[in-house]
Amino acid sequence: MKNLFNLFLCLILLCTPTAGLTQSNTTSEVTYLSPLEKAVVNEMNLARTSPKEYLSLLKQFKKYYDGKLLQLPGETPILTREGTSAVAEAIRSLRSQKPVPPLNPSKGMSLGAKDHTRDLRTSGASQHEGSDGSQAWDRVNRYGTWQKIIGENISFGHDQARNIVMTLMIDDGVPNRGHRKNIFNPDFRLIGVACGDHPTYRTICVITFTGGYREKD
C-alpha cells in the first residue's frame with residue numbers, strides 16, 4: 001500500500017474558527033456538503049489564507065502527543081511513526097509558508113470523492129486506487145472534467161475538521177509531505193470533499209483538489 005501511495009503522489013501533476021483568525025467561508029451557499037464536509041473546506045481555507053496565524057493552532061495540537069502516541073479528545077489513540085518531531089517540522093514549514101488563495105467547493109468533484117468513500121467503506125481498504133482500478137482523476141471525470149492539475153488526500157480515523165486538516169498537514173510517516181503540499185499548493189483552486197464511515201478506522205474523509213473543473217450540465 002505504501003508503494004501505491006507514493007506512486008500516486010508522484011503522479012500528481014506537479015471546524016471551528018479561532019479568535020484572531022479570519023476564516024474564509026466558501027461553503028455558505030453550498031447544499032450538497034454535510035456539516036463536517038463544509039467544516040473541512042473552511043478549515044483548509046483557514047490554513048491556506050492565514051498560515052502564519054495557523055501556527056498557533058498547530059502548536060496547541062502538539063499537546064495531544066505523548067511521545068509518538070497521539071491522543072485526541074474523543075478519538076482512539078494513534079501510534080504515529082514520528083511523534084512530535086513531525087509536528088515540529090510542520091511548524092517550521094508554516095513559518096515560511098506564504099498565503100495562497102482559498103479553495104472553492106465543487107459538486108462534481110465531491111460526488112467523485114463520495115464514490116471513493118463508499119468504495120472504501122465496502123472494501124475496508126485504505127488506498128487511493130478504487131476497487132475498480134480507478135484513480136482520483138477517473139472518479140471526478142464521472143461528473144465533469146478536471147483541468148490543469150489534480151491531487152487527492154485521504155484522512156482516516158478523525159471526525160472533526162481541525163483534526164483532519166492538522167494530521168494531513170503534519171503528514172506523519174510521509175517523507176515528501178505530499179498531503180501538506182496539496183493543502184498549500186497555489187495551483188489548486190477547487191476542492192471536492194466526502195466523509196463517511198469505515199469498518200476499521202470508523203471515519204474517512206476523501207479530499208480531491210484540482211486547478212480547474214468543468215461540471216457536467
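Two strands count as paired here if DSSP finds at least two bridges between them. The model in all of these close-ups is predicted.

**View 1. The four-stranded open sheet.** Here the strand order runs β4-β6-β7-β5, and the pairing is mixed. Zoom in on β5 and β7 and you'll find eleven bridges, with the two strands paired in the antiparallel sense. One spot to look for is E152, whose bridge partner in β7 is T208.

View 2. Helix α2 (residues 35–49) lies across β6 and β7, while helix α5 (residues 107–123) lies across β4, β5, β6 and β7. Take β6 as the reference strand: α2 runs at about 135° to β6, and α5 runs at about 25° to β6.

View 3. C195 belongs to strand β6 (residues 190–198) and C205 to strand β7 (residues 202–215), and the two cysteines are ten residues apart. Are these cysteines buried or exposed? The cut-off for buried is under 20% relative accessible area. C195 comes in at 16% relative accessibility, so C195 counts as buried. C205 has a relative accessible area of 0%, so C205 is buried too.

**View 4. Helix α3 against helix α7.** A helix pair like this one is summed up by two values: packed helices are described by the angle between their axes and the distance between the axes. For α3 (residues 51–61) and α7 (residues 161–170), the angle is about 90° and the axes are 11 Å apart. Angles of 65 to 115 degrees count as roughly perpendicular, so that is the label α3 and α7 get. From α3, the contact brings in Y54, L57, L58 and F61; from α7, the residues are R162, N163, V165, M166, T167, M169 and I170. Sorted by class, the contact of α3 with α7 has eight nonpolar residues, two polar and one charged.

**View 5. The three-stranded open sheet.** This sheet has the order β1-β2-β3, with antiparallel pairing. Its edge strands are β1 (65–66) and β3 (78–79), each pairing on one side only. Strand β2 (residues 69–70) pairs with β3 in the antiparallel sense, over two bridges. Look for L70, which stands opposite I78 in β3.

Notes. Residues are numbered from 1 along each chain as its sequence is written. This is a predicted model: local features need pLDDT of at least 70, side-chain atom pairs count only at pLDDT 80 or more; totals for chains, interfaces and linings use all residues. Side-chain values use heavy atoms; hydrogens and water are left out. Buried means under 20% relative accessible area, exposed over 50%, partly exposed in between (1.4 Å probe, protein chains only). Axes are lines fitted to C-alpha atoms, for helices over the stretch in contact, and angles run from 0 to 180 degrees between N-to-C directions. Angles under 35 degrees count as roughly parallel, over 145 as roughly antiparallel, 65 to 115 as roughly perpendicular and the rest as oblique. Contact means heavy atoms within 4.5 Å. Ala, Val, Leu, Ile, Met, Phe, Trp, Tyr, Cys and Pro count as nonpolar, Asp, Glu, Lys and Arg as charged, and the others, Gly among them, as polar.
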